[in-house]
Amino acid sequence: MSDQTPPLAAPELGEPYLLTPGPLTTSARTKRAMLRDWGSWDGEFRALTAEMRTRLLALTGDTENLLDCVPMQGSGTFSVEAMLGSFIPHDGKVLVLSNGAYGLRIAQTLDYLNRAYTVIDKGDYMPPRGPEVTAAIDADPAITHVIIVHCETSSGILNPVKEISDAVAASGRKLLVDSMSAFGAIDLNINEINYIAMVSSANKCIEGVPGFGFIIARKDELEAAKGRSHSLSLDVHAQWSHMNKTGQWRFTPPTHVVVAFLEALRAHEAEGSTTGRGNRYAKNRDCLVAGMRDLGFETLLKDRWLSPIIVTFFCPASAAFDFDKFYTLMKSRGFIIYPGKLTVVDSFRIGCIGQMDEHVMRNVVAAAAESLAEMGVNNAAPPEAALIERARLAA
Ligand SMILES: *Cc1c(COP(=O)(O)O)cnc(C)c1O
């Protein structure tokens, strides 16, 4: 971290840390930035929107001015839908690489949009791999686009986007990336990952508050998207051209959220941009995982696949363990954790993102130890079935 980084302050008294993948714990500065009202048409606010777009583009590694950034009102899912509806032609076909809830949501969205698609469904957490993508494309020449979730937040797996990008490029197809929970902490450099469009949102690794998402796309693809969207409000081309012409959002922007996000982007730069942010999150994860393993907990994923975003732990086998009770005991100690999303074995998740550092993570582990003791769980080891399940995961 650079010297300018403000120290991480605990949330306001009585406010728990959100160990969740967004909304997450934001800094006092980011929250304070919302204490002013802005006219959306005013020159000052237009300048803030322009600065935000420039700062986001600076994180892409785009030195050739290939890309542009289009913010979009709504939660992250709105931006995913906007991206799909705007960049997939009506006669296109998408290969969806799914290994969790967000991949399945993309497939569901394509149903709504009436776009042809096929899914490689790897289940709860197995990673999609390059050779199977190549094989799927070879078997189905109708496929025009491939979409991958960068960090699948439902398990916390960091998917091999470089491997997938190389396979897609070698097959001459186009790549889209849902980098919602990764962008800003894990590099998504356009010179390495050859995407035509990617999407993320305000309340993940940039550490803003919820209220909008943004699409970063190639300008030639933005031009080609004219008239393609199914939706007036989610039309990325229309938002882009209006914003470039007038400096304004087409419809009422979440002004306070935008100003808070810009404050968060300045803090992101001061922390050392994507590298600095990613390093802090990786330390958070390492401290958390080591401490929880000391208590007997096991992670769903092997180390190679663990993202610095969120970690899935198996629930202990002990009959005295009850997740709802554990949740309440953790909350009473100032930490809000997250239920798991696995279908086969019980699990829970702990996020590593937001205004937290390794000192906070040590306190999280201490709170987990106390909560287990209070429930009468003296060993947090998972059931045998969990370890058998995990053994399926490639090394
Ligand atoms: C958070 C997230 C989304 C968007 O979820 P919203 O609840 O609509 O903000 C999409 N994809 C991934 C991978 C996410 O982590």
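Colleague: Why is the pairing of R280 with E207 called a salt bridge?

Modeller: This model is predicted, so take the distances as values computed from it. The closest N and O atoms of R280 and E207 are 3.0 Å apart. The cut-off is 4 Å between a side-chain nitrogen of Lys or Arg and a carboxyl oxygen of Asp or Glu, so the pair qualifies.

Colleague: How many salt bridges lie between domain 1 and domain 2?

Modeller: Three are counted there. The rule also finds 13 residue pairs in polar contact across this interface, both partners at pLDDT 80 or more.

Colleague: Which elements supply the side of domain 1 that touches domain 2?

Modeller: Helix 10 (273-294), strand 11 (310-314) and helix 13 (384-391) supply at least two residues each. Helix 10 gives the most, with six residues. By class, that side of domain 1 holds 15 nonpolar, nine polar and nine charged residues.

Colleague: What makes domain 1 and domain 2 count as being in contact?

Modeller: Contact needs heavy atoms within 4.5 Å. By that test, 33 residues from domain 1 and 33 residues from domain 2 take part, so the two domains do touch.

Colleague: How much area is buried between domain 1 and domain 2?

Modeller: About 2,700 Å², with carbon and sulfur atoms giving 57% of it. In domain 1, T274, R277 and W305 lose the most area to domain 2. Together they make up 24% of what that side buries.

Colleague: Why is the meeting of K31 and E15 called a salt bridge?

Modeller: The N to O distance between their side chains is 3.8 Å. The limit is 4 Å, so K31 and E15 pass. This pair links distant parts of the chain, 16 residues apart. K31 sits in helix 1 (residues 28-32), while E15 is in the segment before strand 1 (17-18). A search of the whole structure finds 25 salt bridges.

Colleague: Which residues surround the ligand?

Modeller: Among them are S75, G76, T77, Y102, R105, D178 and K204. V149, C151, T153, M180 and S181 are also included.

Colleague: What makes the peptide bond from G22 to P23 cis?

Modeller: Its omega is near 0°. P23 is in the loop between strand 1 and helix 1.

Colleague: What sets the phi of N114 apart?

Modeller: Phi of N114 is near 65°, a positive value, and the residue is not a glycine. N114 is found in the loop between helix 4 (101-113) and strand 4 (116-121).

Methods:
Residues are numbered from 1 along each chain as its sequence is written. This is a predicted model: local features need pLDDT of at least 70, side-chain atom pairs count only at pLDDT 80 or more; totals for chains, interfaces and linings use all residues. Side-chain values use heavy atoms; hydrogens and water are left out. Buried area is the accessible area (1.4 Å probe) that two parts lose on being put together, summed over both. A polar contact is a pair of N or O atoms within 3.5 Å; within protein, one must be able to donate a hydrogen and the other to accept it, and residues adjacent in sequence count only if both atoms are side-chain atoms. Helices (H or I, at least four residues) and strands (E, at least two) are DSSP runs, numbered from the N terminus. Ala, Val, Leu, Ile, Met, Phe, Trp, Tyr, Cys and Pro count as nonpolar, Asp, Glu, Lys and Arg as charged, and the others, Gly among them, as polar. A residue is near a molecule or strand if one of its heavy atoms lies within 4 Å of it.
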